[in-house]
Amino acid sequence: MNELLITSMPLLLKGLGVTLLLSAASIIGGTVLGLLAAILRSSRNGPAIIVARLYTELFRGSPVLITLMFIYFGVAYFGYDINIFAAGVIGLSVYQGAYIGEVFRAGIEAVPKGQWEVAQILGMNKRHTFLSVVLPQTRRIVLPPLIGQYLSLIKDTSIISMIGMSELLRQGQSIVDRIGQPVAVYSLVAALYFIICFPISRWVRRQESNRSLLS
């Protein structure tokens, strides 16, 4: 087991680095798309609401693997090249953005309507009201479920191995194919995912506990 650990860790750590980079890029992309979808859903513009709702329902109602396959192979079908990393980031961002959008929408709607009215009485326009009054409150409301969605995204990066990316799970599979011992190797893979996700989940619980004490 010790020899396996020594020989496997460099490859696994390399895969871990790819997973972290992929996760960070997808979290940024998914957050931007999700916030945009939430803003459109919360607007009074009929066509914008329809577009945002179609986006949300489409991707929440389909498997993430289908989204990744469609982007990676669909782009090639139309005669364009896309590397695996870009396809993974786009696929995860678009897919998770639909879920993140619902988290943000719930947070926006949880802000009392009176906040909008008071801001308008003070002479603030809608854009300034949203950025200075509503969004800061929304951020506090959505933080725990938003982090939970980020954790789900990090674990979803393992699916990128299905289109050939050498992230953490793919590196584990390559080690198993070469030397066997799948239980030991996948235990290491699971431990590395745990090392990433557990501190984040503990931080979220601590934030929720602090918020409960303050309230």
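I began with Tyr-95, which counts as buried because its relative accessibility is 10%, and buried means under 20%. I keep in mind that this is a predicted model.

Next I looked for the ring partner of Tyr-95. The structure holds four aromatic pairs. In one of them, the rings of Tyr-95 and Tyr-99 have their centres 5.4 Å apart and their planes at 50 degrees, so I noted this pair as tilted. Both tyrosines lie in helix α4, four residues apart, which is about one turn of the helix. Tyr-99 counts as partly exposed, at 22% relative accessibility.

For another pair, I turned to Phe-194 and Phe-198, which are stacked, with 4.9 Å from centre to centre and 20 degrees between the planes. These two also sit four residues apart in one helix, α8 (residues 182-214). I found Phe-198 to be partly exposed, with a relative accessible area of 36%.

Then I went back to α4 and its neighbour. How do α3 and α4 pack? Helix α3 (residues 64-77) and helix α4 (residues 84-110) meet at an angle of about 135 degrees, with their axes 9 Å apart. That makes α3 oblique to α4. I noted their crossing as right-handed. Among the residues making the contact are Thr-67 and Leu-68 of α3, and Gly-91 and Tyr-95 of α4. By class, I read nine nonpolar, three polar and no charged residues there.

Last, I checked Thr-67 in helix α3. Thr-67 counts as buried, at 5% relative accessibility.

Technical notes: Residues are numbered from 1 along each chain as its sequence is written. This is a predicted model: local features need pLDDT of at least 70, side-chain atom pairs count only at pLDDT 80 or more; totals for chains, interfaces and linings use all residues. Side-chain values use heavy atoms; hydrogens and water are left out. Axes are lines fitted to C-alpha atoms, for helices over the stretch in contact, and angles run from 0 to 180 degrees between N-to-C directions. Angles under 35 degrees count as roughly parallel, over 145 as roughly antiparallel, 65 to 115 as roughly perpendicular and the rest as oblique. A crossing is left-handed if the near helix is turned anticlockwise from the far one by less than a right angle, and right-handed if clockwise. Contact means heavy atoms within 4.5 Å. Ala, Val, Leu, Ile, Met, Phe, Trp, Tyr, Cys and Pro count as nonpolar, Asp, Glu, Lys and Arg as charged, and the others, Gly among them, as polar. Buried means under 20% relative accessible area, exposed over 50%, partly exposed in between (1.4 Å probe, protein chains only). Rings of Phe, Tyr and Trp (its six-membered ring) pair if their centres lie within 6.5 Å; planes under 30 degrees apart count as stacked, over 60 as edge-to-face and the rest as tilted.
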